[in-house]
Each structure stands twice: as structure tokens, then as C-alpha cells.
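Open your viewer and get ready to click along. We will go from one pair of side chains to a whole interface, one selection at a time.

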Amino acid sequence: MLILLQNIFRFVVLVAIQVLALNNIQFLGYINPYIYILFIFSLPARLPRWLTLILAFILGLSIDIFSNTAGLHAFATVLIAFMREGTIKVFTSIEEGNNPEPSFYTFGVGSYIKYIVALVFVHHFTLFMLEAFSFEHLGMTLLKVLLNSAITILIILGIQSFKRK
Amino acid sequence: MRTLFNFLIRYSVVFLFLILEIISFTLIVNNQGYQRSIFLSTSNSFVAEMYEVSNTVIEFFKLKAANENLSEENTAFKNQIIKLQNELSTLTKNQKKDSIHFRIPPEMEYQFISAKVINNSTNKLQNYITLNKGLVDGIKVDMGVISDEGVVGIIKTVSNRFSVVIPILNPKIQINSKFNHNNYTGTLIWSGDDYRYANLTDIARHVEFSLGDSLVTSGFTNTFPEGIPVGTIEDFNIKESDQYYSIKIRLAVNFRTLSYVKVIDYLNYKEQRTLEKVSEN
């Protein structure tokens with residue numbers, strides 16, 4: 001029950017921060033970090049996959065509605081939600097029967113960083129490629145992917161490092 | 001049959017994944033076109049209202065600049081009123097009051113509806129602006145939007161109290177514009193990277209112009225009246241083999257600080273459109 005409330009709260013706060021603050025960052029004209037995916041990262045590790053997918057779809061669509069990009073964020077977010085379980089399996093070793101909420105403490109610092117870096121990169125890559133919808137400005141799109149991934153990863157790790165055990 | 005059933009259950013998550021991705025992708029593809037459902041955009045009233053609340057906070061910090069702008073505009077208007085009053089007083093003497101056929105005089109064809117920007121982006125590939133006026137204020141799809149500085153964009157979707165503008169900073173629209181001094185027209189398209197610049201195409205090799213020349217709307221489309229500033233020439237080049245110049249335009253409007261705009265209501269729009277349609281058929 002507590003976990004449910006916690007996640008609803010996290011959903012609302014992350015979407016609000018994303019659309020009201022982060023989407024207005026206009027540094028260099030490229031920088032626009034997307035930290036709302038922290039919601040997907042922080043879902044309990046053994047949450048049924050179908051539920052993760054549906055939550056990801058709702059999350060992505062909410063961001064889409066606020067930023068006039070129907071389907072764009074939904075697509076990228078559903079993709080990382082699908083890849084999440086595999087990524088957790090590859091990078092971490094949680095015991096059978098445990099269902100921790102991913103963080104530095106439960107995953108270990110190294111594993112958690114790998115987990116975040118891999119998924120953020122996939123998400124940003126999909127997002128910016130789809131946004132460009134062509135290979136015409138490939139160089140600039142890749143630059144955007146790298147810069148924004150780096151900033152998103154830093155912010156997410158920053159938030160997580162403040163978290164109590 | 002049983003194996004098929006087992007197969008479906010086993011891969012149900014994969015199917016769910018594929019279905020969700022297909023839905024998203026369909027939305028993206030449909031979104032490429034010009035028209036889109038109001039439901040999934042910021043003219044949706046819930047979303048727009050949220051933006052309005054957040055905007056009241058941000059607005060506070062822009063008050064000073066806005067004030068200066070307004071007072072400047074005010075003086076300009078006052079000057080204009082005095083000028084018009086003078087003209088009027090000379091004209092009223094010899095005017096007869098027998099006109100039965102009501103006609104909108106050419107100088108009153110355009111009316112302005114002022115609106116406030118409540119959401120705005122400049123760093124995406126396809127940017128949009130949300131305004132706090134909608135159907136009830138008389139705003140309709142395809143109306144032009146300008147600010148005190150120059151052309152902003154065109155109204156795309158309208159709900160009862162809000163509307164969404166496609167600004168020049170979106171490759172979905174192209175603004176037909178011309179040089180102020182020699183009337184050669186070209187098409188203005190945003191390049192997609194810098195919010196200060198756009199590209200002008202269709203200017204042929206023989207046209208003469210120089211850096212700093214100003215560009216205004218052509219008046220050929222019925223969204224903008226003639227002569228509204230679009231920008232100035234920043235840079236240009238032409239290859240040996242090309243027929244047309246590629247020209248870089250510095251836009252007149254600063255889209256980052258945009259806070260108040262005017263929507264243009266062209267009163268003869270309907271009549272002109274119907275006439276044009278009739279002759280096209």
C-alpha cells in the first residue's frame with residue numbers, strides 16, 4: 001500500500017517537474033534533460049512486466065500531451081520499460097524472492113550506475129532519432145543524445161544519492 | 001489450438017509491448033501531418049489551465065520588460081490616433097451618408113485580438129506556442145499571429161478558451177515573404193537548430209540584395225497583411241551550379257522572450273476563400 005502511494009506521488013511529482021521546469025530549460029538550444037523516466041527505473045524490480053509496460057505507456061503519453069509530441073515519449077518509455085527486466089538481470093544479482101526498489105543500496109553503486117546509464121541512453125537515442133524522423137541532421141541528433149543523456153544521468157544519480165536507506 | 005493458446009500466453013508481454021509501441025508509432029506518424037486532434041495537445045483545457053497557472057508565476061519576472069514594451073507601443077498608437085484624427089477632420093466635411101451597401105473598407109480589413117503566451121518552446125525540432133484565447137474570443141484555425149516585433153506563426157488548433165500556434169520555428173509551416181525594397185518573394189523555412197535564424201529559399205540568381213536588407217510578409221496569403229516584418233538578411237551564399245541563393249535570415253521576433261501576441265482576424269477571409277475556391281474548380 002505504502003509502495004503504491006509512494007509511486008503515485010513519484011509519478012505526479014516527476015511529470016510536474018518535467019513539464020513545468022525541465023522542458024523550459026533552453027541552455028545552448030539543445031539541452032532538455034528528461035528525468036521523468038526515473039519513475040520507471042524506481043518501480044520494484046520484480047513488478048510484473050505487463051504492468052511496467054502499461055505504466056510506461058501512461059507516463060510517456062502524459063509527457064506527450066504536455067509537450068505536443070503525441071506518441072514520441074510513449075514510444076521511447078515503453079521501449080525502456082520492456083528492456084528493464086533484462087537489464088536488471090544482466091547488471092545485478094538480486095536473490096530469488098527479493099523484490100527491492102532499485103537504488104544504490106539495493107543494487108550496489110556500480111550496478112545501479114550501469115543500469116541507469118544503459119536505459120537512459122536507449123531512451124534518449126530513441127527519442128531524439130524519432131523526433132528528427134530522418135538521418136538528415138544525424139550529427140546534431142547524436143550530439144543531442146550524448147549531451148542530454150549525460151545531464152539526465154547526472155541529475156538522476158544526484159537525486160538517488162540524496163535518498164536515505 | 002492448444003499450442004497456439006500456450007504460445008499466446010507465453011509471449012503475452014511481448015505482444016503487449018508490440019501493441020503499445022504500434023499505438024505510439026501511429027500517433028507519431030499521424031502527428032507528422034498538419035492537422036491533429038485537440039485531445040492530445042496543449043490546447044486540451046486541463047493541460048492549458050495548468051500551464052496558465054505556472055505562467056502567472058513566470059510572468060511576474062517578465063513584468064518590467066513587458067511594461068516598457070507596452071508604453072512604447074502606447075506612444076506609437078497615440079501618435080497614430082492624432083494623425084488619423086487630423087485626416088478624419090479633413091474628410092468628414094465632404095462625405096455623404098447614403099451608403100446602403102455595407103462594405104468593409106480596405107484599411108479596416110484586419111482586426112487584432114491580443115493574447116498571452118502561456119506555453120512556448122524554442123529548443124525542439126517542432127516547436128509550438130499555446131495562447132490563452134480560444135473560440136469564445138473569436139480565434140479560428142489558420143489565423144496569423146504576430147507580435148510587436150513581427151511575424152510569429154499561424155493558429156493550428158483551437159479549443160474553447162485556448163489555442164495552439166505553429167511558430168516559424170517549426171518546419172511544418174512556410175511563410176511567404178518578400179524583400180522590402182524590390183518585392184521579390186521567397187519562402188521562409190526554419191532550419192531546425194537555432195531559434196534566431198531561418199532560411200529563405202526560392203530567391204533566383206539574378207535578384208539583387210545585400211546584407212541587412214529587411215524581409216516582410218508578401219500579403220499573397222490571406223493570413224498576414226502585407227508588410228509585417230519577418231527578419232533581416234544575416235548571410236547568404238550561392239554555389240556555381242545553383243539556380244537559387246541560400247539565404248540566412250535573422251528573425252525579427254525573439255521567440256525566447258515572447259509573452260504577448262496579436263492574432264489577426266482578416267474580416268474578408270471567408271469571401272476571398274470562397275471566391276478562390278470557385279475559380280479553382
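Start by selecting K262(B) and E73(B): their side chains form a salt bridge, with N and O 2.7 Å apart. Here a salt bridge is a side-chain nitrogen of Lys or Arg within 4 Å of a carboxyl oxygen of Asp or Glu. K262(B) sits in strand β12 (residues 260-266) of chain B and E73(B) in helix α3 (residues 45-91) of chain B, so this pair ties together parts 189 residues apart in sequence. Helices (H or I, at least four residues) and strands (E, at least two) are DSSP runs, numbered from the N terminus. Over all chains, the whole structure has 8 salt bridges.

A word on what you are viewing: this is a predicted model, where local features need pLDDT of at least 70 and side-chain atom pairs count only at pLDDT 80 or more, while totals for chains, interfaces and linings use all residues. Residues are numbered from 1 along each chain as its sequence is written, chains are lettered from A in the order in which they are written, and side-chain values use heavy atoms, leaving out hydrogens and water.

Next, colour chain B by domain: domain 1 (2-31), domain 2 (45-85 + 107-170 + 259-268) and domain 3 (175-252). These bounds come from an automatic or database domain assignment. The centres of domain 1 and domain 3 of chain B, taken over C-alpha atoms, are 47 Å apart.

Now show both chains together. How many residues does the contact take from chain A and from chain B? It takes 35 from chain A and 36 from chain B, where contact means heavy atoms within 4.5 Å. Between them, chain A and chain B bury about 3,300 Å², 66% of it on carbon and sulfur atoms; this is the accessible area (1.4 Å probe) that the two lose on being put together, summed over both. Between these chains there are 0 salt bridges.

On the side of chain A that touches chain B, select α1 (2-21), α3 (49-67), α4 (72-91), α6 and α7 (138-161), each of which supplies at least two residues. The largest share, 9 residues, comes from α3(A).

Last stop: F133(A), which follows α6(A) and has a positive phi, near 60 degrees.
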